[in-house]
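Dear colleague,

Here is the structure I said I would pass on. My notes on it follow below the files.

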Amino acid sequence: MKYKVNEKGYYGDFGGAYIPEMLYPNVEELRQNYLKIIDDAGFQKEFHQLLKDYVGRPSPLYLAKRYSERFGANIFLKREDLNHTGAHKINNTIGQILLAEKLGKKRIIAETGAGQHGVATATVCALRNLECVIYMGEVDIERQAPNVARMKMLGAKVVPASSGSKTLKDATNEAMRDWINNPVDTHYIIGSVVGPHPYPDMVAIFQSIISEETKKQLLEQTGSDQPDYVLACVGGGSNAMGMFYHFMDDENVKLIAVEAAGKGVSSGFSAATTYLGKEGVLHGSRSILMQTPDGQVVEPHSVSAGLDYPGIGPQHAHLFKTGRGEYVSITDEESLDAGLLCTQLEGIIPAIESAHALAYLEKMEFKGGENVVVCLSGRGDKDLDTYIKYFNL
Amino acid sequence: MNRIKQLFQEKKNILSIYYTAGYPNTGDTIQIAEALEKSGADMLEIGFPYSDPVADGPVIQASSKQSLDQGMTLKLLFEQLKDLRKKVSIPVLLMGYVNPVLQFGVEKFCEACAEVGVDGCIVPDLPMVEYEEFYKDCFEKHNLSNVFLITPQTAEERIHKIDGLTNGFIYLLSSSATTGKNLEVGDTTEAYFSRIKNLNLKNPTMIGFGISDKQTFDKACSYANGAIIGTAFVKAIADGNLEESVSNFMKKFKG
């Protein structure tokens, strides 16, 4: 329980459910039922069946040979990019759509940044024939056009969020508003380990399949289920939490979370939350967020829409504060360069989000022979436009 | 005695007006309070703006954004309210989200409220359990009422718990919605209002969200001790002469 949620919904000093009364019944209904539903054998069977046959799990744990040669360590890539819809997000949406069905919900809403969570949500809604509304910042709609088209093809309604920075934070506000206005028949599929309790725990449980598989695969490939390092990028932090989950209690495994420094942590255009932020409340939980001294949320910046969020999940805040996780950051340029390197060394075009995690390898020093797992959270097809502009392709 | 308690003892059909501090202009906060009292408002709720107000609709959110863009902060609000009690005698509550209060410091916030003569607070995203554990003693020490919200979906057991923790009034949301929706009193809403009325709560109730004219105000008053108007008022003072806008708006209810 050291790093997991307690019965009050907290991870150390972080978590809770800071929500207006209008959301209380919805969140309470979830809190009272989520573990019962998830732990049920029938649910588990259906969930794992879909992960296997529909998502294509287990995703490979690939020993990247040229990367390994370059860095002098055994670099393993956990290939979440090979999942159906192209990212880890589908693990969570499959879980939540089954849960929403059990709760008798007829309508699904979600927020999305890069569009990966939106596509994953629209996909499971199509699969299960449920109405789907996706909130997405106007800025993100523009920079992630292919994903917007995918969502529309899947039958989802994409609603532009035009307030604030017009990105993920504002899409989240709009989705929460929708939920307030539709309290009975609607389930809100939050896409990261953020939001009021039980969302951070629930999403972490669904994403924990990443580390569960990694442990088995490592054991097969290396003879030990414990690597020296585990790396993942962090916006809200769902792929990182899934990647860390089953390693959290293995204290000898170093957990490295890579945030988006944007144009540099001191540039005023950054999303490096642990570096720039402090404790506060955003989107329903107490965590660490970027804010003014007066408590107004600061608009973040990152080249990757999925990391463009001013907070992190409360469990990450706890890992950071206790020192269990090391929280670092990578700039826009470093991530784009790492994306190109991965493409040229391994023939894999990573999402710019994932490229942040890869970029941190350059900053690490290896003695030789260490086992390192990097969560390749998503594929870069959706980011081609950004890559094209940056590299003049 | 706390001004809020006194008001409910003395008066029926209470009209409470919400407005955003520092809107339309940073220096308008006190002037609006004075104009509202002069035009017959019984109670005021001054919103301190927040960048991510999830419970608010577009009108109040836009007013908050304008106010923040013009430099409003909680610190500045308390400075503006320094002379509040020289100019305004009706009860005044502050309404806003929990993060600015946390950053200001809970103890310091309560002290500042008491110092300027604020009588109570409404913090919609402050959970009841957090209030009990970390805020209640401080609020009580400074004679501040804390007002909780209830919605048609709030379970009876929870309503009684809220009633036990509240010492001012209970904010009855006309529907489960963000601010700015029109009140539609149909059978379901009436049944809900009647259900609450029949619970014989120790606290008075005020109906809010969706009250925009005399008709909806009167309707609300038939089920509760009064009603709160926010969005319609914020819209009404967006431009033009402030005193005139306030007075014209209030005539609709008092005339």
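The largest nonpolar core has 187 residues, and those touching the most other members are L99(A), F244(A), L36(B), L94(B), F109(B), F169(B) and F233(B). Domain 1 (16-51 + 89-198) and domain 2 (57-86 + 207-391) of chain A each contribute residues to this core, so it lies between them. A second core, of 31 residues, is separate and includes L231(A), L307(A), V328(A) and V372(A). Please bear in mind that this is a predicted model.

One of the residues named for the largest core, L94(B), has contacts beyond four places in sequence with I46(B), F48(B), L77(B), F78(B), L81(B), F109(B), C113(B), V118(B), G120(B), C121(B) and I122(B).

On the interface: 34 residues of chain A and 36 residues of chain B take part in the contact. Together the two chains bury about 2,700 Å², with 50% of that on carbon and sulfur atoms. On the chain B side, D52(B), V54(B) and Q103(B) lose the most area to chain A, together 21% of what that side buries. There are two salt bridges between the chains. D52(B) also has a side chain that meets that of K169(A) in a salt bridge, at 3.0 Å from N to O.

Next, the annotated positions. In chain A, UniProt lists residues 56-378 as "domain: Tryptophan synthase beta chain-like PALP", in an unreviewed entry. That stretch is 40% helix and 21% strand, and its end C-alpha atoms are 14 Å apart.

K89(A) carries the UniProt annotation "modified residue: N6-(pyridoxal phosphate)lysine", also from an unreviewed entry. K89(A) sits in helix 4 (residues 89-102) of chain A. Its relative accessibility is 16%, so K89(A) counts as buried, the cut-off being under 20%. Leaving out neighbours within four places in sequence, K89(A) is in contact with Q116(A), H117(A), A120(A), G191(A), Q207(A) and S238(A).

For chain B, UniProt puts the feature "active site" at E45(B) and D56(B), again in an unreviewed entry. E45(B) belongs to strand 2 (residues 43-47) of chain B. With a relative accessible area of 0%, E45(B) is buried. Not counting residues up to four places away in sequence, E45(B) touches S16(B), I17(B), Y18(B), Y19(B), L93(B), M95(B), I122(B), F169(B), Y171(B) and I228(B). Among these, F169(B) is also one of the residues with the most contacts to other members of the largest core.

Regards

Terms used:
Residues are numbered from 1 along each chain as its sequence is written. Chains are lettered from A and ligands numbered from 1 in the order in which they are written. This is a predicted model: local features need pLDDT of at least 70, side-chain atom pairs count only at pLDDT 80 or more; totals for chains, interfaces and linings use all residues. Side-chain values use heavy atoms; hydrogens and water are left out. A nonpolar core is a set of buried Ala, Val, Leu, Ile, Met, Phe, Trp, Tyr and Cys residues joined through side-chain atoms within 4.5 Å. Buried means under 20% relative accessible area, exposed over 50%, partly exposed in between (1.4 Å probe, protein chains only). Domain bounds come from an automatic or database domain assignment. Contact means heavy atoms within 4.5 Å. UniProt positions are given in the numbering used here, feature names are shortened, and annotations may be inferred rather than shown by experiment. Helices (H or I, at least four residues) and strands (E, at least two) are DSSP runs, numbered from the N terminus. Buried area is the accessible area (1.4 Å probe) that two parts lose on being put together, summed over both. A salt bridge is a side-chain nitrogen of Lys or Arg within 4 Å of a carboxyl oxygen of Asp or Glu.
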